[in-house]
Amino acid sequence: MGVHANPFTAGLPTSGMVRRSVLFTPGDRAEMQRKAVEMDADVVVFDLEDGVAPDAKKEARETARQTLRSIDPDCEVCLRVNADPETAEEDLDGVLGPDSRPDSVMLPKVDGAQAVETLAAQVCEHDIELPILALIESAAGVLHAEEIAAVESTDALLFGAEDLAGDIGALRTDEGTEVLAARSQAVLAASATGIDAIDTHYPDYGDLEGLREDAEFALQLGYDGKMALHPEQVTVINEAFTPSRERIEWARRILDAAGDHPDRAVFVLDGEMIDAPQIRQAERIRARAQAGDAWELA
């Protein structure tokens, strides 16, 4: 990861992409893929892993390839490959081409940095470079989260609570205290390396109020976005991660003042000492607000 020279922007994600909502769609369902990219999700994932039956993998690769050839979406399109390196290579060989290139690749079940480095090398064999979204969903993945995040190709850490609970033998609860420490660890690792942190999905897609509360809690923890398994969840997630008018006005005052003091690491605004942490928070608020067209409207 590069080192930020500006103290106001150190620690901010460097990709320039905003990922409030990450919507998954099966890799073998072309109609669902085309509908998904027309929705308001910031990221749409063509899933070649859990969303596809083992005997339908080959069909899914061809379907994803053809869909990528025929769409021109406004959102980021990500291809989730399988965790096994050999199968992942088959996924890439079956999908990637001059006219069928996703914006990013997601690697599930990441246990360490080597897994990301292997996938990055496989992508480079196709004469392209793509950012990798690393999904950590095991005890090993959580314990190695910082080294996973530090790999140059890693552009986001995603936290998978359901698989983690199964891996460690935890009993899932509505409160989620059994995975809270790991959930926080993912945010810390992502923030330390300046990449996005994407929270686990909310399993009850019919409970939109529960989803809203969970998304707002994820925001409080420091997450940049949340995974979605159903299209109806996207609007709620986007709203939760789009700042309120009051937060936007606060951020605008901070950033305007920072622009007036480009060579100063600390300055005073409305009687409050402002330094790098407030600037970073204001930058995040602006990025989220711009994604939802709220910055200009506030």
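**Labels and their grounds**

Analyst: R172 has a relative accessible area of 35%, so R172 is called partly exposed, because buried means under 20% relative accessible area, exposed over 50%, and partly exposed in between (1.4 Å probe, protein chains only). This is a predicted model, in which local features need pLDDT of at least 70 and side-chain atom pairs count only at pLDDT 80 or more, while totals for chains, interfaces and linings use all residues. Residues are numbered from 1 along each chain as its sequence is written, and side-chain values use heavy atoms, with hydrogens and water left out.

User: What makes the contact of R172 and E162 a salt bridge?

Analyst: The N to O distance between their side chains is 2.9 Å, and a salt bridge is a side-chain nitrogen of Lys or Arg within 4 Å of a carboxyl oxygen of Asp or Glu. R172 lies in the loop between α7 (161–168) and α8 (180–193) and E162 in helix α7, so the pair ties together parts that are 10 residues apart in sequence; helices (H or I, at least four residues) and strands (E, at least two) are DSSP runs, numbered from the N terminus. E162, at 28% relative accessibility, is likewise partly exposed.

User: Why are R19 and D196 called buried?

Analyst: R19 has 1% relative accessibility and D196 has 3%, so both fall under the 20% limit for buried. The two residues form a salt bridge, with the closest N and O atoms 2.9 Å apart. Since R19 lies in the segment before β1 (21–26) and D196 in strand β7 (residues 196–199), the pair ties together parts 177 residues apart in sequence.

User: What places the charged end of R247 over the ring of W250?

Analyst: The charged end of R247 is 4.8 Å from the centre of the W250 ring, and a charge sits over a ring if NZ of Lys or CZ of Arg is within 6 Å of the ring centre and within 35 degrees of the ring normal.
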